Structures are given as structure tokens and as C-alpha cells.
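Please examine the sequence and the structure before reading on.

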Amino acid sequence: MTRDLAPLELVITTADATHTQRLPATGRLTIGRDPQNRVHLLDPSVSRRHAVLDLGPPLRIEDIGSSNGLRVTTSEESDGTARIVERRVSPGHSMNIELGDGMQLGATLLIVQRVNADDNPASSRVVRSFSVPVVHDGAMRKLYELVDLVSQSGINVLLLGETGVGKEVMAEAIHRRSTRARGPLVCLNCAAIHESLLESELFGHEAGAFTGATRAKPGLFEVAAGGTVFLDEVGELPISVQVKLLRVLEERKVLRVGGLQKRPLDVRFVSATNRNLEDEVARGVFRQDLYFRLNGVTMEIPPLRERTSEIEPIARSFIARAAVQMNMRAEPRLSPPALEALLGYGWPGNIRELRNVIERAVVLSAGGAILPEHLGLGGRGSGASSAGRKSSPELVTLPPPPPRPPSPRAVEQAIAPLRVPVGEDERQRIVEALELCGGNQSKAAEMLGISRRTLLTRLDLYGIPRPRKNR
Ligand SMILES: Nc1ncnc2c1ncn2[C@@H]1O[C@H](COP(=O)(O)OP(=O)(O)OP(=O)(O)O)[C@@H](O)[C@H]1O
Ligand SMILES: [Mg+2]
């Protein structure tokens, strides 16, 4: 690893803000609540002397006897399967880490990255994936209290809610607060993986099970032993795989493809969908027996327009984070009229859309205050007019195109959504986004601030051929 190319910095994310601290090239840095630590954290859930970061090489983190523990999270992606693996470091023990890995101390998340790490996809992915949820709304507080309750049992949980409301964030919270938190959290996006690969991906295969299977490979359910499996977009599971998944859930045993011996299953399932699964059951495209198995407890996350008290705190946390990611010296100020515009908008794409709008606005504000024109909301979708109108993700409107940025080159390098040309119509923006993402639908959807499912609906609507899956 060429660590001499650029200095390292520590990204420190708390519930309210994100900031960075430059790191020396070598040495051992103590981290804790006591001001004498080299990395001083104000979080009350962090111990006085919590951990030591050894800058190596290799980079290592050690728990020096914390009360609330230390967890390290890494994220890998292949074949459309995102895996988030989380491990606990026991007190007195240490673990090698990579740049971009998440280190969770109490409620604070730390990430070591290179300064100017705009082009470091691993770190931005981790910062995005392991955000600490901002929870202010009364209904959301109650839901997170329920998260604490269900976490303590092994019951399967089904998360419902429109696109971008925070289903994945909640799935992660369920895992982290559960007795399985020491085990891995493995996420599978059921919509992003081809049916032919799903079975061996979930259940694993033995050597020689099919052409190309030269070595035995454990499936996700084995990898997740002792932890949690998050089945995202579970409504997209093909019927053939639903049948097999149901059998696994009933028997609590997994048989690898081409295998003879069943292995015990030791995972808790959290599933999510923005579809109405009861309707899908009624239409015969989702098995009722599987629905009952996955749905030990259902938790429905309200859309952002129904929890307007969270718009401001979440927006401020995104401003803080975006400023860090863009290496700005200070966070831009949110002007009162811009805040008013945020509060008056309907947010069909929910928190994901809010994040994209804020990231764009932080760039466009160029270090000054964020003004309404930087948000590009243009008087559309007021809370009142859109409330109740949008109940299905198919009706999501794309976030409006941003105004033309002041210095396109610098801006384009800083942030993905701006790579979509401005002022074009929606169809054109989708085509461009797909082109820029090499046909990767998940990335294009992310860039456009909509869910992959919505993107697929739009492709059909505009008659844009679906790109071939990248394998
Ligand atoms: N309470 C929260 N506080 C701060 N950020 C949040 C919160 N909830 C969600 N987010 C952020 O909003 C974005 C969307 O969240 P998430 O991916 O969990 O939504 P989702 O419901 O799974 O969406 P989809 O249905 O499209 O998969 C992410 O960037 C996430 O970090
Ligand atoms: Mg999701």
C-alpha cells in the first residue's frame, strides 16, 4: 500500500457532525474521552481511554479496556452483492485494518483515509454505509425503541417503507444492537443479482457442482453464521429461490449446491422492501408462507414528509459530512430561506434525495451560505401538495436537475450527481447516468438519487433498453 503518497487523516463521525483530524505518518495514538488522548472524543459512550490506533504499518486498532467495546466494519462488493462484515475487537486485543474501514467506538465512528480521498471509493462507501442515524421525530423514536426490543430476540424482522426512508440504516441498527453484533452483518440486494447466481450465492456450492465451480464456496448464510443476514429488496426474489429459502428457514439447515450434507443455519433475518408484500402475496408473486416466516415483526418507516422535524437535523448532518468529504475549511451555513425551502418540499425520494440535494448544494454554495437556488427545488413538490399523493415508489419524481455549477471541472470531480448534465430532460439524465456508470443500474440510481427499482420502472416508461448486468 503506497501510504507515502498522501498523508492520512481520521474522519470522526458523531450523531451531529463529522470532522477530520490530520494523522502523523507513524506512531501509536490513544483515543478516548479523556482530554489527554491524542484523539479526544466528546461522546459519553466512549471510555476515558478507549482504544489505540497504531499507524504501523500495518494499520492496527486495539481496544485498551473500553466499557462499550470496539467494532470494526468492512464493506466488500462483488457481483452486485454488498457484504458488510462487522467484527468486535475484545478488550486487550487488536486487529489489522485497512484505509476506509469503520471503527465504531460507542456512538462514534472513526475512519482512517488519505487526505484528498475523493477518489477513494472505499472510504466514501464506508462513510455512507455506516452513518449514525439521526432520530428526532416522535414516531421514529418509538420505532428505534422497538429496534432495541426486537434486537434482543432472534425474531425475523421485515422493514417496510418508501425508497430512501432508511430501511438499510435500521437493519444495521438492529444488527448492531443485537446479541449477534459480534457476528457479521451480511447484506444481499435481491434485485441486483442474477437468478442463476442467487442460489449458489445464498447457499454456497461444492467443488464440481457446476461448470466453473472449481472450488467449494460457502454461501452467504454460512458466512453470516452467528450474525445477521439482510435481504434487501426481498420482494424481488424469484419464486424459484423463494421456495428454497423457505425450506432453509423451516429446517434451519442449508444444503450447498451439489452438496450432500446439510449444515445448521445460525442467522437472524432482516428483510426490506418498498413493495406492498401483502399485495404481492395476493397476486401470487410472493409466497405467503415465506412472507409469514420473514415477517416475525413488521416495522414501517414513515416517509420524510411525515417527519418534518427531522429534515433540519438530518440536512445539517449531511452538510457537515459533505464539507468533510470535499475537504472544505468550514461548513457552509444553511440560510433561513434555504431551510424554509427544505421544510416545504415533499421529498418523494426521502432521505436519499435530501442527501443528494444537500451534497449538490454544498458544492454549489462554493463555501458561502447555502441559498434556495443551490437546492434546485424550484418551488416543486410542496409538502402539502405531495403528502398522500405518493404512496408507491413507482410514482417517485426524480430530483430536479441542479443549476449549472460555477466551476464544472472541479465540481464534477468532487461529487457524482453533478456528473449528470444539467438542464436536460429526465430521460436524457437517465441515459447519461447509465453511460457514466458503465451500465451499472445500482450506481446510476444512486447517482440520480432514486432507488434501483424506480430506475427500472423509468427505463420501461421511457423505453430505454435495460443494460446487461455487469458480472
Ligand atoms: N435517520 C437517518 N439519519 C441520517 N441519515 C439517514 C437516516 N436514514 C437514512 N439515512 C441515509 O439516507 C440514505 C438512504 O437510506 P437507506 O439506504 O437506509 O434507505 P432505504 O430505505 O434502504 O432505501 P431503498 O428502498 O431505496 O433501498 C442513506 O444515505 C442513509 O445513510
Ligand atoms: Mg435499501
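Q: Between which two domains does ligand 1 lie, and why?
A: Domain bounds here come from an automatic or database domain assignment. Residues of the shell around ligand 1 are given by both of two domains, so the ligand lies between domain 2 (138-300) and domain 3 (307-419).

Q: On what kind of model do these answers rest, and how are its parts numbered?
A: Residues are numbered from 1 along each chain as its sequence is written, while chains are lettered from A and ligands numbered from 1 in the order in which they are written. Local features need pLDDT of at least 70, side-chain atom pairs count only at pLDDT 80 or more, and totals for chains, interfaces and linings use all residues, since this is a predicted model.

Q: Which residues come nearest to ligand 1?
A: A residue is near a molecule if its C-beta atom, placed from the backbone, lies within 6 Å of it. There are 21 residues around ligand 1. Those that come nearest are P133, G166, K167, E168 and S451.

Q: Which helices each supply at least two residues of the shell around ligand 1?
A: Helices (H or I, at least four residues) and strands (E, at least two) are DSSP runs, numbered from the N terminus. The protein chain has 17 helices and 20 strands. The helices that each supply at least two shell residues are α3 (167-176), α9 (311-325) and α11 (350-364).

Q: In what order do the five strands of the open sheet stand?
A: Two strands pair if DSSP finds at least two bridges between them. Strand β3 (residues 28-32) runs antiparallel to β5 (residues 51-54), with four bridges, and parallel to β4, with two bridges. The pairing is therefore mixed, and the order is β4-β3-β5-β6-β9.

Q: Which strands stand at the edges of this sheet?
A: A strand with a single partner has one side left without a neighbour in the sheet, so it stands at an edge. The edge strands are β4 (39-40) and β9 (94-96).
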